[in-house]
Amino acid sequence: MKKTGLFISFEGIDGAGKSTHIEGLAAAFKAQGRQVTLTREPGGTPLAEKLREMVLHDAMDSLTEALLIFAARRDHLQNVIEPALARGDVVLCDRFTDATFAYQGSGRGFDLRVLQQLETWVQETSHGLRQPDVTVWFELDPAIAAVRLAGARVPDRFEAQPVEFFQKVSDGYAARAHSDAQRFVRLDAAQTREAVWQQLHQNFVQRGWLSTRAT
């Protein structure tokens, strides 16, 4: 019997530690014989990666930024996400549309109605609006995230923003989680790496998607 595809996104402000756990979850699914597509946004395709570099490093206004992000998302959906789900893969995506509402909407103060319209245009499929089956939100105080990021690397246009910006982003994530609570898994990312992993792994065990043995 063909396995059903799963679409799981990972969200959180820079410094929340989600990247490490994406790799861990990919390994856990692979250990159970699942095919895993590991990807990210903006990015995931050659075109979308080019647009990512523009968004992260080139000066632009908020509307241009939003349009580029959704253009990258459309290409990503058409060429990576939808084909992988059709094959029955587990798709693990480092950020998706919730990040756009958090960063461009709440952080930048861009019109949420425009973002909602773009979301509808870009993500509409024959089965309805494409959203992740589960969104894992690594919730972290922006002040703690700033300490973690200090001196880690040369910051891009987003990482260079002040703590106040990331507080708005965090508030944006909270609003998205409130509006779609069944889709969101909220993790306390201030805990140790091992404790965060246990929270994450246990949630997927409870859903019947992973075995009880943690990796």
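Helix axes are taken here as lines fitted to C-alpha atoms over the stretch in contact, with angles running from 0 to 180 degrees between N-to-C directions. The model is predicted, with local features requiring pLDDT of at least 70 and side-chain atom pairs pLDDT 80 or more, while totals for chains, interfaces and linings use all residues. Residues are numbered from 1 along each chain as its sequence is written, and side-chain values use heavy atoms, without hydrogens or water.

Helices are DSSP runs of H or I with at least four residues, and strands are E runs with at least two, numbered from the N terminus. The axes of α3 (residues 62–87) and α4 (residues 97–107) come within 11 Å and cross at roughly 175°. The two helices are therefore roughly antiparallel, a label given to angles over 145 degrees. E65, I69, F70 and R73 of α3 meet T97, T100 and Q104 of α4 in this contact (heavy atoms within 4.5 Å).

R34 sits in the loop between α1 (18–31) and β2 (36–40). This residue counts as buried because its relative accessibility is 14% (buried is under 20% relative accessible area, exposed over 50%, partly exposed in between, with a 1.4 Å probe and protein chains only). Leaving aside residues up to four places away in sequence, R34 touches K3, T4, G5, L6, F29, G88, D89 and V90. Of these, G5 is 29 residues away from R34 in sequence, with 9.6 Å between their C-alpha atoms.

V114, by contrast, belongs to helix α5 (residues 112–123) and counts as partly exposed at 31% relative accessibility.

Definitions and conventions
Parallel < 35°, antiparallel > 145°, perpendicular 65-115°, else oblique.
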